[in-house]
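I opened the model and kept notes as I went.

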Amino acid sequence: DTITYSAALSACEKGSQWDQALSLLVEMGVAHVELDTVAYNAAVRACEKGGQWDQALSLLVEMAFAHVEKDTITYNAAVSACEKGGQWDQALSLLVEMASAKVELNTITYNAAVSACEKGGRWDHALG
């Protein structure tokens, strides 16, 4: 059920097992277990911790396609994944998407975006 899978996804997140997290999401779909925001958030965080920014962004696209709501936690993990992957432009795009979707941006969001710009040598974007 959803609770069991969410616990397994959380374990994947803590262990940076992004590939296992993605496999669990597929398994949930096959088993007709509801894929909710909590489940996706754990998978996005697993991708972030595993350094898989592209997989994290793919999950956001999948969430939109599945009509699963993205929240601040979802976006923060994706922005952090982009920051760790040196994808400052993707990180900033996510901030714009958050604002247009009326999702709350918080200190974590801004810190990750500024760090992404710093790592990419784009202080002009971080300050502007």
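**Ground rules.** I am working on a predicted model, where local features need pLDDT of at least 70, side-chain atom pairs count only at pLDDT 80 or more, and totals for chains, interfaces and linings use all residues. Residues are numbered from 1 along each chain as its sequence is written, and side-chain values use heavy atoms, with hydrogens and water left out.

**Confidence.** I looked up pLDDT, the predictor's confidence in each residue, from 0 to 100. The protein has a mean of 92, and 95% of its residues reach 70 or more. Helix α4 (residues 53-65) has the highest confidence, at 97. Helix α8 (residues 123-127) has the lowest, at a mean of 57. I took helices as DSSP runs (H or I, at least four residues), numbered from the N terminus.

**Salt bridges.** I counted a salt bridge where a side-chain nitrogen of Lys or Arg is within 4 Å of a carboxyl oxygen of Asp or Glu. The structure holds 5. I followed glutamate 13 to arginine 45, a salt bridge of 2.9 Å, N to O. Glutamate 13 lies in helix α1 and arginine 45 in helix α3, so this pair ties together parts 32 residues apart in sequence.

I then checked exposure: buried means under 20% relative accessible area, exposed over 50%, partly exposed in between (1.4 Å probe, protein chains only). Glutamate 13 is buried at 8%. Arginine 45 is partly exposed at 23%.

Glutamate 13 also meets lysine 49 in a salt bridge, at 3.4 Å, N to O. Lysine 49 is in helix α3, so the pair ties together parts 36 residues apart in sequence. At 40%, lysine 49 is partly exposed.

I moved on to glutamate 48 and lysine 84, whose closest N and O atoms are 2.4 Å apart in a salt bridge. This pair links helix α3 to helix α5 (residues 72-84), 36 residues apart. Glutamate 48 is buried at 11%, and lysine 84 is partly exposed at 47%. Salt bridges with shared partners join Glu13, Arg45 and Lys49 into one network.

**Aspartate 36.** Which side chain of opposite charge is nearest to aspartate 36? I found arginine 45, 9.9 Å away. I counted Lys and Arg as positive and Asp and Glu as negative, leaving out His and the chain ends. Aspartate 36 is buried yet has no salt bridge. It sits in the loop between α2 and α3 (37-49). A polar atom of its side chain lies 2.9 Å from the backbone nitrogen of alanine 39.

**Helix α6.** Trp88, Ala91, Leu92, Leu94, Leu95 and Met98 are buried. Down the axis of α6, its buried residues fall within an arc of 150 degrees, so they line one face. I took the arc from the directions between the helix axis and the C-beta atoms. Val96 and Ser100 are exposed on the other side.

**Positive phi.** Serine 16 has a positive phi of about 55 degrees although it is not a glycine. I placed serine 16 in the loop between α1 (2-14) and α2 (18-30). Serine 16 is partly exposed at 28%.

Note on methods
Helix = DSSP H or I, 4+ residues; strand = E, 2+ residues; numbered from the N terminus. Polar contact = N/O pair within 3.5 Å; in protein donor to acceptor, adjacent residues only side chain to side chain.
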